[in-house]
Every structure is written in structure tokens, then in C-alpha cells.
Amino acid sequence: MNAAESAIVCGIPVAQKSMNLRSIILPSIVALVLTPGLARALDIKTLWTKNCVQCHGEDGKGGTKMGKKLGIPNLTDPKVQALYADDELFKRIKEGVNDADGNVRMKAVEGVTDAELKALIKYVRTIVAK
Ligand code: HEC
């Protein structure tokens, strides 16, 4: 490709410099759109950030202010992960967890579909320390 040809991309004349940038960014966007697994992973991370991080912390270790106050378990601890099977976690997160006195510990999650909750549980399984 000579300079005259490369200066026109999609009918829009662009400077030679931004052409280099485009040739990196465009294929990346295409790859993102064409990789459903990746796009999905991003969505789940958003759900996690929106619904869970305030208590569990970005890393799931529960080191947040709320986490310390409530004595939230470290989700990356294999022992904590082993406490409940996926279907039990589903119920606990969906319906919430109360203490023996009936005080809410983990509130029932809102605005998350069952499919999203299943994906969130899969995500939680990935943050366990190996
Ligand atoms: C209001 C704070 C709060 C929020 C928000 C919250 N949790 Fe929890 N979570 C807790 C507490 C407290 C516990 C410990 C419950 C217990 O005593 O077993 C817990 C426990 C857990 C456990 C371990 C199993 C258990 O019941 O002990 C998992 C897994 C979990 N949460 C996932 C999530 C996910 C996923 C979200 C977001 C959809 C979320 N949590 C949102 C407070 C919260």
C-alpha cells in the first residue's frame, strides 16, 4: 500500500499517524465483538462490581469497611468455597442470608437474572486461591 492509498480509510481521509492506531484498534474491537466468551466475562465482572463488591471487595477477600463490620468470609479461601455447593450458593445469594436472630447478613440480590446469578457463582469459583 502506498501513502496515497493508505491515507483513505473507509472513505474518510486520515493522517498517516492515526492510520497506525486504527490498524491496532479496529481489529481489537472486531475480536471483542466476535468473542462472546470475553464479552460475557466483562458483563459478569460488571455485575460483580455493581452487586457484590461493596461487601466482598473487588478481590473477594471481604476487606471492605462493610466486610469487616459484618465479618464477611474471604471468598478466595478454598475452605470458604468448600462450604456450599453451587445450588446452595445460588439459594443463599438469591434469597439472602440471615443470622440466628433473623438479622440480615447478606441481603437478597436484586435485579440479577437466574442465568446471571449462575454466571456470578461461576465467577466466584474462579477467584479461589490455588
Ligand atoms: C450486604 C453485604 C453483602 C452483599 C451486597 C453481598 N454479600 Fe455475599 N456475603 C455477605 C455475608 C455477610 C456473607 C456471610 C454469610 C454467612 O454468614 O454465611 C456472605 C457470603 C457469601 C458467600 C459464601 C457463602 C456463604 O453464604 O457464606 C458467597 C459465595 C457470596 N457471599 C457471594 C456473593 C455474591 C456473588 C454477591 C453479589 C451478587 C454478594 N455475595 C453480595 C455479605 C454480602
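Mentor: Fine. Start with Arg125, which sits in helix H8. Keep in mind that this is a predicted model.

Trainee: Is Arg125 buried or exposed?

Mentor: Arg125 is exposed, because 12 other C-beta atoms lie within 10 Å. A residue counts as exposed when that number is 12 or fewer.

Trainee: How far is Arg125 from Gln81?

Mentor: Their C-alpha atoms are separated by 7.4 Å, although Arg125 and Gln81 are 44 residues apart along the chain.

Trainee: Back up a bit. How many helices and strands does the chain have?

Mentor: There are eight helices and four strands. In sequence order the pattern reads α-β-β-α-α-α-α-α-α-β-β-α.

Trainee: And what share of the residues count as buried?

Mentor: The chain has 130 residues, and 6% of them count as buried.

Trainee: At what angle do the axes of H7 and H8 cross?

Mentor: They cross at roughly 120°, and the axes come within 10 Å. The range for roughly perpendicular ends at 115 degrees and roughly antiparallel begins over 145, so H7 and H8 are oblique to each other. The crossing is right-handed.

Trainee: New topic. Where is Ala108?

Mentor: Ala108 is in the loop between E4 and H8. Ala108 counts as exposed because it has 11 C-beta neighbours inside 10 Å.

Trainee: What is Ala108 in contact with?

Mentor: Setting aside neighbours within four places in sequence, Ala108 is in contact with Lys94, Glu95 and Gly96. Lys94 is also one of the H7 residues that meet H8. As for Val97, its C-alpha atom is 7.4 Å from that of Ala108, and the two are 11 residues apart along the chain.

Trainee: There is a ligand too. How many residues surround the ligand?

Mentor: The count is 23, and the closest are Asn51, Cys52, Cys55, Arg105 and Met106. The elements that give two or more residues to this shell are helices H4 (53–56), H5 (65–70), H7 (86–95) and H8 (114–126), along with strand E4 (104–106).

Trainee: What classes are in the shell around the ligand?

Mentor: The shell has 17 nonpolar residues, three polar and three charged.

Trainee: How far is Leu70 from Met106?

Mentor: They are 9.1 Å apart, C-alpha to C-alpha, and 36 residues apart in sequence.

Trainee: Why is Leu70 partly exposed?

Mentor: Because 16 other C-beta atoms lie within 10 Å of Leu70. Buried needs 20 or more, and exposed needs 12 or fewer.

Key. Residues are numbered from 1 along each chain as its sequence is written. This is a predicted model: local features need pLDDT of at least 70, side-chain atom pairs count only at pLDDT 80 or more; totals for chains, interfaces and linings use all residues. A residue is near a molecule or strand if its C-beta atom, placed from the backbone, lies within 6 Å of it. Ala, Val, Leu, Ile, Met, Phe, Trp, Tyr, Cys and Pro count as nonpolar, Asp, Glu, Lys and Arg as charged, and the others, Gly among them, as polar. Axes are lines fitted to C-alpha atoms, for helices over the stretch in contact, and angles run from 0 to 180 degrees between N-to-C directions. Angles under 35 degrees count as roughly parallel, over 145 as roughly antiparallel, 65 to 115 as roughly perpendicular and the rest as oblique. A crossing is left-handed if the near helix is turned anticlockwise from the far one by less than a right angle, and right-handed if clockwise. Two residues are in contact if their C-beta atoms, placed from the backbone, lie within 7 Å.
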